[in-house]
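User: I am new to this structure. Please show me how to read its features, step by step.

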Amino acid sequence: MTELISIKNLTFKYDEEESNNVLNDISLTVNKGEWISIVGHNGSGKSTLAKFFNGLLTPSEPNVVKVCGFDTVFEDHIWEVRKQIGMVFQNPDNQMVATTVRDDVAFGLENIGIDREEMLTRINWALQKVKMENYLNHEPHRLSGGQKQRVAIAGIIAMRPSVLILDESTSMLDPMGRKEVFETVMQLNKDDGITVINITHDLEETILSDKIIVMNKGRISIQGKPGEVYKVNDKLTEAGLELPFSLQIQTNLANQGLEIGSVCLTKEGLVNELWKLKSQT
């Protein structure tokens, strides 16, 4: 697998006079095509960690943070790093910079000097990918929250980054908006191989990840595949996280003496396991 992001033993504090580090000895890798979820409560360090991915924060020593082969400690590498990383933020209204959807997607392309013909091709491609091609001339402020985030995603993928980062980008959306955004990003990950890092405090969003990284008090508490991470419920509750609904039910059933052999990550999986148990009795 192609390694896109490598972080080795990263420790960081905003002010050297502070007694506690914001990040403590963080090591992780992100490979091409993966969907990674980074979860933790407010203050766990996950948003600070995200700033190291695109060079908003940089380490003090070389070989600590590398993005697509570029070491972010070197100032002349930062521009190349930011070409590779696209980020969608929490509030969609803060990302709208133009009076039409077409111009909003074009904004980033103009900044990196893409010529007009290529720009038009990329705008059309990106809006088709997020299913917003029929809104080219619409005013962004008249769109729903989910539609705005999809336009923001179009503006990012039009610049052809290697990694798409969602920084709590569904936390301000209603359930329909969240569904729209996740269906869009999942399709980009599956069909186009775009690497996705989803930073969230909502474990429901992590179920289909390739890997989950749980942050707690500036450290990685646990990381692994969803089935591995969800087996360690105490680590998740220690991190101040609420278990997905299916696991809450499974835990409650276990406390009442009804054990289900495998970890059920979805409601459908839980129902199937319960039917199996019923058929055996």
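Analyst: We take the ground rules, then strands, then domains, then salt bridges.

User: What should I know before starting?

Analyst: This is a predicted model: local features need pLDDT of at least 70, side-chain atom pairs count only at pLDDT 80 or more, and totals for chains, interfaces and linings use all residues. Residues are numbered from 1 along each chain as its sequence is written, and side-chain values use heavy atoms, with hydrogens and water left out.

User: How do I read strands and their pairing?

Analyst: Strands (E, at least two residues) and helices (H or I, at least four) are DSSP runs, numbered from the N terminus. Two strands pair if DSSP finds at least two bridges between them. Here, 4 strands form an open sheet. Their order is E2-E1-E4-E5, with antiparallel pairing.

User: Which are the edge strands of that sheet?

Analyst: E2 and E5 (70-71) are the edges. Each pairs on one side only.

User: How many bridges hold each pair in the sheet?

Analyst: Go along the order. E1 (residues 3-12) and E2 (residues 23-31) are joined by 6 bridges. In that pair, Phe12 has Leu23 of E2 as its bridge partner. E1 also pairs with E4 (residues 65-67), over 3 bridges. There, Ile7 stands opposite Val65. E4 and E5 are joined by 2 bridges. Lys66 is partnered by Asp71 in E5.

User: What about the hairpin of E9 and E10?

Analyst: E9 (residues 211-216) and E10 (residues 219-224) run antiparallel, with 5 bridges between them. Met215 has Ile220 of E10 as its bridge partner. The hairpin has 2 residues between the strands. Lys217 takes a positive phi near 55° in this hairpin.

User: Now the domains. Where do they lie?

Analyst: Domain bounds come from an automatic or database domain assignment. That assignment gives domain 1 (3-243) and domain 2 (244-280). Contact means heavy atoms within 4.5 Å. By that rule, domain 1 brings 10 residues to the contact and domain 2 brings 8. The domain centres, taken over C-alpha atoms, are 32 Å apart.

User: How is the interface described by area?

Analyst: Buried area is the accessible area (1.4 Å probe) that two parts lose on being put together, summed over both. Between domain 1 and domain 2 it is about 770 Å². Carbon and sulfur atoms give 71% of that. On the side of domain 1, Ile207, Tyr230 and Leu243 supply 60% of the area buried against domain 2, more than any other three residues.

User: How many salt bridges cross the interface?

Analyst: A salt bridge is a side-chain nitrogen of Lys or Arg within 4 Å of a carboxyl oxygen of Asp or Glu. Across the interface of domain 1 and domain 2 there are 0.

User: How many salt bridges does the rule count altogether, and what is the link between Glu80 and Lys83?

Analyst: The count comes to 10 salt bridges. Glu80 and Lys83 meet in one through their side chains, at 3.6 Å from N to O. Why are they about one helical turn apart? Because they sit 3 residues apart in helix H2 (residues 78-84), Glu80 and Lys83 are separated by about that much.
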